[in-house]
Amino acid sequence: MAASLREYRARIKSTESTKKITRAMELIAASRIIKAQQRAQAAAPYARELTRAVSAVASYSNVDHALITEPEKSNHASILLVASDRGLAGAYSSSVIKETERLIERLRDEGKTEVSLYVSGRKAESYFKFRNRVIVKTWAGHSDQPNFDVAREMADTLIEAFVAEEGEHEHATHEVHVVYTRFKSMLVQEPVALRLLPLEVVEDDSPPAPEDVLPLYEFEPSAAEVLDSLLPKYVQSRVFFALLQAAASELAARQKAMKSATDNAEELIKKFTRIANQARQAGITQEISEIVGGVNALADATAASE
Amino acid sequence: MSDDVLNVELVAADRLVWSGQAQRVIARTTEGDVGIMPNHAPVLSILVDGVVDVLTTDDETWVAAIDSGFISVANNRVSILSDNAEMAHDIDLEQARQELARAQDAGGSDDQAEAAVRRAEARIRAAERAS
């Protein structure tokens with residue numbers, strides 16, 4: 001009995017240290033979420049101005065650009081998957097990977113013979129590597145603190161593959177999708193799949209409110225050249241937005257997972273303490289009954305001899 | 001008076017670098033330097049690596065170094081967008097000089113090396129103008 005009491009005490013101790021670790025991770029994630037949200041907010045003015053400028057060019061000029069024209073045939077798609085570098089974030093990585101698998105399935109049903117994968121985050125990379133799936137390019141090491149340079153590199157890689165002619169580029173593609181986790185609230189994050197390229201520039205047909213009317217811009221040097229420099233930036237900003245959203249979602253998912261881990265550890269400690277107390281009490285009771293039994297036996301023996 | 005003031009926003013990809021009211025903005029486009037005064041016609045133009053010069057309504061001059069980006073002017077609202085933008089007073093001149101030397105030493109005649117040199121030069125110009 002005493003041995004198992006010691007066992008329970010050891011388990012309580014190890015659960016307590018686990019709890020300390022998960023608690024620390026929960027607090028770290030909580031403090032980083034605020035920073036991640038601030039970063040997402042700080043990036044908003046750039047995206048807003050860029051969207052305005054792109055729609056201005058699109059509405060006031062009839063320029064065609066490679067990035068906004070629908071390809072005639074489309075049998076090769078590419079997917080950029082944004083997942084996390086580290087685990088311990090609940091179902092965060094697996095749900096975004098599942099969404100990717102669904103998208104791949106759908107694209108194949110639509111008749112895309114080839115689907116290329118671009119992956120951000122070690123977790124997703126190891127998932128596909130383990131299954132011997134081909135990954136065209138991976139980025140890692142920035143999933144909870146993305147910077148714009150990484151977003152630019154990703155966007156440039158994808159644009160290059162998109163604009164290349166068949167045969168010119170190893171992974172020439174007709175459309176590009178991006179899968180990331182949208183941060184809806186601290187409690188809800190949902191994986192989403194969006195088509196990144198060709199860009200869909202929304203041209204609103206309904207009469208806009210007077211303050212939203214876009215002025216008649218002059219373009220320097222020309223509308224085509226302005227569009228040519230704007231659209232890649234727009235793609236970069238979209239990728240950056242996806243990375244920021246994914247980072248905030250990752251931290252929120254990690255905080256939630258670590259919170260329930262801490263709660264579970266607390267439950268376990270409570271349960272083990274009860275069992276340990278019970279074991280200790282059982283030991284004491286047994287000792288008492290042994291002593292009482294022994295005394296009784298002695299008393300009986302003396303009574304019999306007299 | 002309120003009609004004759006430019007509302008300027010200098011925006012980098014990851015943050016709003018500066019916003020405020022100004023009398024005049026000078027920026028370098030692919031076609032050359034442009035000066036924007038209040039009531040300028042709407043224009044959208046591409047900027048090259050260089051210096052942006054803003055004269056505020058308080059007669060102060062702000063200088064910033066930017067990477068290539070673009071400027072949009074409409075209804076006295078000026079937005080300058082760039083991947084990277086830095087106010088001149090945040091630039092360490094000594095460090096910027098070292099970076100230029102490094103960029104030049106690295107040599108190479110490809111676009112990337114040239115862009116690095118141009119960027120370093122722009123930062124030094126901005127820092128020198130401010131000091």
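**Chain B, contacts and fold**

I started with contacts in chain B: of those with a separation of 6 or more, 57% join residues 24 or more positions apart. For a contact I take C-beta atoms, placed from the backbone, that lie within 7 Å. I keep in mind that this is a predicted model, where local features need pLDDT of at least 70, side-chain atom pairs count only at pLDDT 80 or more, and totals for chains, interfaces and linings use all residues. Residues are numbered from 1 along each chain as its sequence is written, and chains are lettered from A and ligands numbered from 1 in the order in which they are written.

Next I looked up the elements of chain B and found two helices and nine strands, running β-β-β-β-β-β-β-β-β-α-α from the N terminus. These are DSSP runs numbered from the N terminus, helices being H or I with at least four residues and strands E with at least two.

The C-alpha atoms of chain B fill a box of roughly 50 × 30 × 25 Å along the principal axes. I also noted that 37% of its 131 residues count as buried, meaning 20 or more other C-beta atoms within 10 Å of a residue's own, against 12 or fewer for exposed and partly exposed in between, with C-beta atoms placed from the backbone.

**Where A meets B**

I found 25 residues of chain A in contact with 23 residues of chain B. On the chain A side, α1 (2-60), α4 (148-163), β6 (218-220) and α5 (223-305) each give two or more residues, and α1(A) gives the most, with ten.

I then checked the strands: β6(A) pairs with β4 (residues 43-47) of chain B in the parallel sense over three bridges, where pairing takes at least two DSSP bridges. E220(A) stands opposite S45(B) in β4(B).

**Helix α2 of chain A**

Which residues of α2(A) are buried? I get Y92(A), S93(A), V96(A), I97(A), T100(A), L103(A), I104(A) and L107(A). Seen down the axis, they fall within an arc of 115 degrees, so they line one face of α2(A); the arc is that of the directions from the helix axis to the C-beta atoms. That reminds me that an α-helix has 3.6 residues a turn, so residues three or four places apart point the same way.

On the other side of α2(A), I see E101(A), E105(A) and D109(A) exposed. The buried residues pack against several elements of chain A, including β1 (76-82), β2 (114-120) and α3 (122-130). After α2(A) comes G111(A), with a positive phi near 100 degrees.

Note on methods: Two residues are in contact if their C-beta atoms, placed from the backbone, lie within 7 Å.
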